[in-house]
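My plan is to look things up one by one and write down what I find.

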Amino acid sequence: MAERARPPDGTDTVVLDAVSGQPRRRATGWLAQSIAVNWPRLWTWAAKNRTSLTTWGTVGVVAGLAVALVVSQLWAGARLNRLAADAARQVAEAEQQRQQTAEELRLMVARQLTQQATDLLASDPRQAVKLAYTALSIWPGLDEALAVVVPTLLNNRISTLVTDLDSAVSTAELSPDGTLLVTGTESGAVQLWDLTGSYPVPSGDPLVGHGSPVHSAAFSPDGNLLVTGGGDGRVFLWNVTDRTAPVLHGLRELERRAEEVHGVAISPDGRMLATAAFDGVVVLWDISDRDAPQEIASITQPDRLYAVDFAPDGRTLATSSRDSTVVLWNISDPATPRRARTIHAADRESVNSVVFSPDGTLLATASDDRTVSLWNAATGSRIASLTLPGNALGVTFSPDGQNLAAVGANGQIRVWRIADQGPPRELFRFSGQDGDVRSVAFTPDGMSLATGAADRTVVLWDMRDGTVGRATPIGAPVTGHPAPVWSAAFSPDGTILATAGEGGTVMLWDVTDVAAPAQLGQPLPGHSGIVYSVAFSPDGRILATTGSDRTTRLWDISDPANPRRLGDPLIGHGAEVLAVAFSPDGTVLATGSADATVMLWNVADAAHPERLGLPLGTSSGVMSLSFTGTTVAAGRMDGLISVWDVRDPSNPVSFADIGRLGQLEEPFVGHTDEVRSLVASPGGRTLVSAGKDGRVILWDYSGPARARQLGPPLAAHSGPVWAAAYSPNGLTLATAGTDGQVILWDVADRAHPSRLTTLTAEGKVHAVAFSPDGRTLATAGSDNAVTLWDLGPVSPRRDSILTQVCRYTGDGLTESEWAFYVGPSVAYFDPCANPPTTASD
């Protein structure tokens, strides 16, 4: 007799024969599936337990079978789950293996590219950098590729490159804001280039009009007008307000057609244009209405004219000629120009270029007699004469008038410093362009030089290092300390400078006007002996001072002219307190002592500070401190650095020491003597230590528990390094020491720092501090004084080294180059459109 069973979902399962126990028709539900799979095992079990089943009766049989079926289903499900899990694991392992193989392939390709780059480095450094940069795009951070890119860029100094122009470059000029470049070539092509991106790109279509070489170009002071003059005698006025679609003003050239126009210049007020041509005629134009220029006057000279320039006041015009002369014209009344002076500027050779200095007091000339000369514009007397190996073809002043650049035949490019006392001092000799270099222009910040050459290239040369834009002292040193100064710090708003030193002296200075610092009130009393360290709270209202008297004192400087001592001195250290630092939120203060301890203090209520927990012990005296958001680092007398996690300042957690411990066989790892200064970058990813051993070391601090040294020590000082400080933007590092040198480092690429400039102080330098705007540096030391330095002219590389690569190469690998050098194993992409990540902080 058959019994029909229905599971809860109503799905038919099976009809069983009560005698044979065999299914009479195919199972269709999930329970039937289980029976079909597991029936033999179930029947065997029933046979072994027949007696019990008989006692149970038919109902018992059915119930027993149901229980058994559930058990069998669970068993089958578990087995299926195991099978599915095994299959999923195998798929995941296969995918992981595939990804690993792909990664290994990418690394192999990157290394092959780097090897090709290394092979090309001597013969074709530009292509070598392009290949190494591609390798870094495929495998970011590849050390051997960085070793090709970074030194090449630093040595070649090419920051931007325009290549593959249709013919030799006859003129190249920069817009007043430095974001637009115009090039004119021997073929008559005029092209605008957008310099705002990672590498130059054409801005709009070529400007059509000239049918022969474009000899000169000039932008108006507002940057909206471009004037070009050519060998076809034509002069065009271009409206470049829309840089991507320039149009002709008035839809035509100037009416007067001359012989070859070699010089064009726009007056400082933008209302007058001067053109100079081979027929010896200078024409003055009124361009107040740029759509309808009007001729004002013309001047005729006996020989070909090569260049023309307005004085900064717009009242004098200078022209240079093939007859070896420079003529100055009084154009106070432009309608009646008058000859003011004639200067015989060359020895029977053409004067190819003439230009006024930014203040109008000097003239510079470049001549075919290979001379570059400086002249007194008022008297016409020669001040200095410089020599190039070949014809001097172009000359220009830097925007600040402190440097002079000249270009000439056979790729000659030189820059001199002319602002210092004595004769001009050569700063740079650039090389890399072939043939005659005919045009030269400084960028508005004076930190780069644009040159155009016969090899169909325009190069912007990077001049941002220690010899250009040297920082200068602001006025006389700030005096008032009776003995050496050991510490200096700017308030967060930059209006107050705190200094401290021997004799227990702590002084506050109003530096709102950095050119005229003024003492605020009287020196802060209380300390005896040496005050080693001062620190402002993040809100600038509290000043902390520590000293050899084993105390730390807090001062309310809300009214800096009348500072007020807060509470009793913080005591507890058993030796002189050498370092102090506030937490970023200002609620915790750390003090470090020669007694080998660091103490943490709750200063949320600065009038009633309390010590947090037990002193943090080290095995050596603490000389310096750095407090980031979550950690305190302590530089020690034994050359090691201790680090604690202080997210719970009452219960700090100690990390492993940073330094030479366990690495004594590595001669360039860590410090061998006292860590005198410790400073974290603004982002907190880099820690810098400076030591008595003369070393300055950058550490990757992104994981304080696993800090690692970034490259070899910076070993530029000749004695102990006492102080280090980061600029607010984290791009510049200042270090100072007993050798009296203050060195500024470009640390935009923290793995490859480069020296920007070196300042020479009087005596040993104990302290350095940047103002919050980064434009002023304070140094203090054994001369009992504080010197403020103007850093305005010193500009570190605003981009990391890698972001400058495409400016150097001009572009990334093309698809055809990719197929040749890389092959099909890695899909093509433009490295310049997909820059690799950098190591900068």
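I note here that the model is predicted.

I then traced the two strands. S12 covers residues 261-266, and strand S13 covers residues 272-277. They pair in the antiparallel sense, over five bridges. Together S12 and S13 form a hairpin, with five residues between them. In that turn I checked Gly270, which has a positive phi of about 75 degrees.

Is S12 buried or exposed? I counted six of its six residues as buried, so S12 is largely enclosed by the rest of the structure. Buried here means under 20% relative accessible area.

**Next entry: a sheet.** I found four strands in an open sheet, in the order S45-S46-S47-S48. The pairing is antiparallel. Strand S45 (622-627) and strand S48 (653-654) are the edge strands, and each pairs on one side only. I then looked between strand S46 (residues 631-636) and strand S47 (residues 641-645), and five bridges join them. Thr631 stands opposite Asp645 in S47.

**Next entry: the cores.** I looked up the largest nonpolar core, and it has 25 residues. Leu113, Ile138, Trp818 and Val822 have the most contacts inside it. Which elements give two or more residues to this core? I listed helix H2 (50-120), helix H3 (125-138), helix H4 (143-156), helix H5 (805-809) and helix H6 (815-821). H3 gives the most, with eight residues.

Leaving out residues up to four places away in sequence, Ile138 touches Arg106, Val109, Ala110, Leu113, Trp818, Val822, Val826 and Phe829.

I jotted down a general point: in soluble globular proteins, nonpolar side chains tend to be buried together.

**Last entry: H3.** I asked how many of its 14 residues are buried. The count is 12, and H3 is mostly covered. Among the buried residues I noted Gln127, Lys130, Tyr133, Thr134 and Ser137. Ala128, Val129, Leu131 and Ile138 are also buried.

I finished with the length of H3. At 1.5 Å a residue, its 14 residues should span 20 Å. The end C-alpha atoms of H3 are 20 Å apart, which agrees.

Methods: Residues numbered from 1 in each chain as written. Predicted model: local features only at pLDDT ≥ 70, side-chain atom pairs only at ≥ 80, totals over all residues. Heavy atoms only, no water. Buried < 20%, exposed > 50% of the residue type's maximum accessible area, 1.4 Å probe, protein only. Pairing = 2+ DSSP bridges. Core = buried A, V, L, I, M, F, W, Y, C linked by side-chain atoms within 4.5 Å. Contact = heavy atoms within 4.5 Å. Expected span 1.5 Å × (residues − 1).
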